[in-house]
Amino acid sequence: MYDCYGDVDRVPELLARAEREDGAEAWDELGYRLVLECDLVFPASFAALPRLVRLASRSARARGLAGTIVRCAAGSHGCDDLLAGCAEAIAEFRELLDRHLRSRPDDYLATFRNSIAAEGQYHWSAVLGDFTDDFYQVACPHCAAEVTIAIGGYGRYSAIRDWNLGDADRRDLRPASPDGLSGIGRWMHQTAVRDGEVVLADGITHLFGQAECPRCASVFNIADEYASSHRPLM
Ligand SMILES: [Zn+2]
């Protein structure tokens, strides 16, 4: 179970140290040995995951590192067997994150994104913002025009982005009704509402709602188009 330096024995040693003293030094080294960048995790990362999840209820560093590894699980790491073996740990982690979300922590969005990844929705985990200043680029499914979707404090609209004019020809988005949401959109919305995250919940109804193409006036589902055009990259 090698880590990012090809070492096999250092991570278990560090985990034992982190368990004993929860020291910053051990956590720092675990961090860079287990995750190089978001698409680079190692066999040792998945091997360490169950232990990290056990530590996560009392250590924020363990919770953060376990979350990063879970978010990276969609990448091409060649560890699918190891990942499959982590199913129980990931289910346990999902429950732990949910308890943390209910406490309305300062790191709500980061925890929310880790939860989405633990639900297996890596795509939304990677792109979701806090809806203060969020833009999504989608291709209109009817005329293929590149449409800019804005969901933020300054407006919620579809537009054609122009180098000189900015976001031109804006059309208001049509948010989904919460009752009409399904799947991960429903889960995300219900969780945000439960925890009093008003801006996040409202942004989700827009992201999973509909937009009008400024060029051909056809109306399409934003999340469906966004997910289908970006999923192959994950
Ligand atoms: Zn169009």
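This dialogue explains how to read several features of a predicted model.

Trainee: What kind of model is this, and how are its residues numbered?

Mentor: The model is predicted; local features need pLDDT of at least 70, side-chain atom pairs count only at pLDDT 80 or more, and totals for chains, interfaces and linings use all residues. Residues are numbered from 1 along each chain as its sequence is written.

Trainee: What is the mean pLDDT of the protein, and where is confidence lowest?

Mentor: pLDDT is the predictor's confidence in each residue, from 0 to 100. The mean for the protein is 91, and 97% of its residues reach 70 or more. Confidence is lowest in strand β1 (residues 35-37), at a mean of 71, and highest in strand β7 (residues 210-212), at 98. Helices (H or I, at least four residues) and strands (E, at least two) are DSSP runs, numbered from the N terminus.

Trainee: Which residues of α9 are buried?

Mentor: An α-helix has 3.6 residues a turn, so residues three or four places apart point the same way. A residue is buried if 20 or more other C-beta atoms lie within 10 Å of its own, exposed if 12 or fewer, and partly exposed in between, with C-beta atoms placed from the backbone. In α9, the buried residues are Gly185, Met188, His189 and Ala192. They cover an arc of only 95° around the axis (taken from the directions from the helix axis to the C-beta atoms), which puts them on the same side of α9. Gly183 and Arg194 are exposed on the other side of α9.

Trainee: How is the packing of α2 and α4 described?

Mentor: Two packed helices are described by the angle between their axes and the distance between the axes. Axes are lines fitted to C-alpha atoms, for helices over the stretch in contact, and angles run from 0 to 180 degrees between N-to-C directions. Helix α2 (residues 24-34) and helix α4 (residues 60-71) pack at about 0°, their axes 11 Å apart. That makes α2 roughly parallel to α4; angles under 35 degrees count as roughly parallel, over 145 as roughly antiparallel, 65 to 115 as roughly perpendicular and the rest as oblique.

Trainee: Is aspartate 169 positive or negative in phi?

Mentor: Most residues other than glycine have a negative phi. Aspartate 169, although not a glycine, has a positive phi of about 60°. Aspartate 169 is found in strand β6 (residues 166-172) and counts as partly exposed, with 15 C-beta neighbours inside 10 Å.
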